[in-house]
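Could you help me learn to read the pocket and the ligand site of a protein model?

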Amino acid sequence: MRTISVRAHGKVNLHLGVGDAREDGYHELVTVFQSLSLSDVVTLEIDDEETVATGSIVSGLTATGLDAASVPQDATNLAWRGVDTLVDFYRARHGLGSLPRVRIRIEKGIPTAGGMAGGSADAAAALLAAHILVTETMPALDQTTLDALAAELGSDVPFTLRGGTMLGTGRGEQLTPMLSRGRYHWALVFSKQGLATPEVFGHLDQLRDQGREIGPSLDTTDLAHALMTGNAEEVAGHLANDLQAPAVSLRSDIARTLDLGKRAGALAGIVSGSGPTCAFLCRSELHARDVLDDLLSEGVYSGATATGPAHGAYLIDG
Ligand code: ATP
């Protein structure tokens with residue numbers, strides 16, 4: 001049996017400004033993504049004998065590793081949808097014939113429902129793996145088309161496909177690369193229980209309706225300058241997340257974790273995306289490990305250190 005394995009990375013939003021809800025239900029965002037070293041690997045196990053001409057080419061999916069028990073193992077999994085989206089596009093546009101049947105294996109290193117784009121990373125990895133499989137016999141798609149297919153799968157999928165440091169606008173899917181110097185070191189604290197992204201956005205709307213002044217933080221100029229200095233202390237002063245207040249309001253453990261991180265000496269702490277993961281920016285790898293050790297000794301659920309920026313999705317084997 002042949003395999004194709006693609007790695008894709010999680011992210012933290014250094015800036016997450018949330019504007020009004022749009023007619024389509026999405027909120028208008030101005031965000032700065034940084035990809036982190038935390039990653040998942042999506043492998044397509046390619047059947048040597050059976051081929052499929054119509055319907056999904058995926059016969060099954062297994063997930064192992066971090067939070068694997070919360071990862072759906074059916075066609076709703078974003079990796080499964082990633083393969084189907086790519087294959088359906090080729091069938092509709094390029095008259096694709098039969099393809100081998102595949103099974104999907106996911107090794108999770110990114111927390112699930114943690115605000116770190118774990119599912120999106122798997123969608124991007126699967127899209128790329130399926131593209132590699134299909135282009136063994138068909139012409140390749142250009143980057144713009146791949147990005148558009150990624151955006152169909154989810155707002156964070158184009159970024160996890162590309163990686164690095166990017167400004168995201170629209171619902172986060174319209175990307176512009178940003179200049180960033182140096183490596184940034186993070187201590188991350190995970191939660192036992194995830195938070196559903198739509199719930200956090202909905203709660204932000206509620207808090208605003210009740211008169212709470214939360215953002216919208218739509219200006220990233222100071223952060224952009226700080227990123228060009230390569231100085232973590234400068235960057236720490238410009239982290240912002242409009243979803244932090246609703247995430248904290250929904251989950252009191254987040255406020256405690258943020259407070260503990262501050263006391264452990266982190267340069268700054270922020271809720272990652274829609275949470276509940278908390279990300280603490282540190283001066284160095286050693287500093288990040290010290291901060292994490294401190295937090296773990298205070299009894300937080302679990303955590304890891306990570307560095308950024310990391311890559312987008314890329315082939316590691318196959
Ligand atoms: P984001 O930061 O993009 O808002 P998130 O990191 O908070 O997302 P995900 O890990 O992407 O959240 O998972 C959100 C939900 O998506 C999960 O609760 C799960 O039911 C579903 N899901 C579908 N496919 C996957 C996958 N491959 N890995 C993890 N979750 C998945």
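The dialogue below goes through the pocket and then the ligand.

Q: What kind of model is this, and how are residues numbered?
A: This is a predicted model, where local features need pLDDT of at least 70 and side-chain atom pairs count only at pLDDT 80 or more, while totals for chains, interfaces and linings use all residues. Residues are numbered from 1 along each chain as its sequence is written, and side-chain values use heavy atoms, leaving out hydrogens and water.

Q: How many residues line the largest pocket?
A: Rolling a probe the size of a water molecule over the atoms shows where empty space is left. A pocket is an open set of points on a 1 Å grid over the protein atoms alone, where a 1.4 Å probe fits, with protein on both sides within 12 Å along at least five of seven lines; lining residues have an atom within 4 Å of a point. Here 43 residues line the largest pocket, and Leu78, Ser120, Asp156, Thr197 and Pro198 lie nearest its centre.

Q: Where does the largest pocket lie?
A: It lies between domain 1 (2–176) and domain 2 (184–308), because both give residues to its lining. These bounds come from an automatic or database domain assignment.

Q: Which residues are closest to the ligand?
A: A residue is near a molecule if one of its heavy atoms lies within 4 Å of it. Of the 20 residues that surround the ligand, the closest are Ala113, Gly115, Gly119, Asp122 and Asp156.

Q: Which atoms of Gly119 and Thr197 lie by an oxygen atom of the ligand?
A: For Gly119, a backbone N or O atom lies 2.8 Å from a ligand oxygen atom. For Thr197, a polar side-chain atom lies 2.9 Å from an oxygen atom of the ligand.

How values were computed. A polar contact is a pair of N or O atoms within 3.5 Å; within protein, one must be able to donate a hydrogen and the other to accept it, and residues adjacent in sequence count only if both atoms are side-chain atoms.
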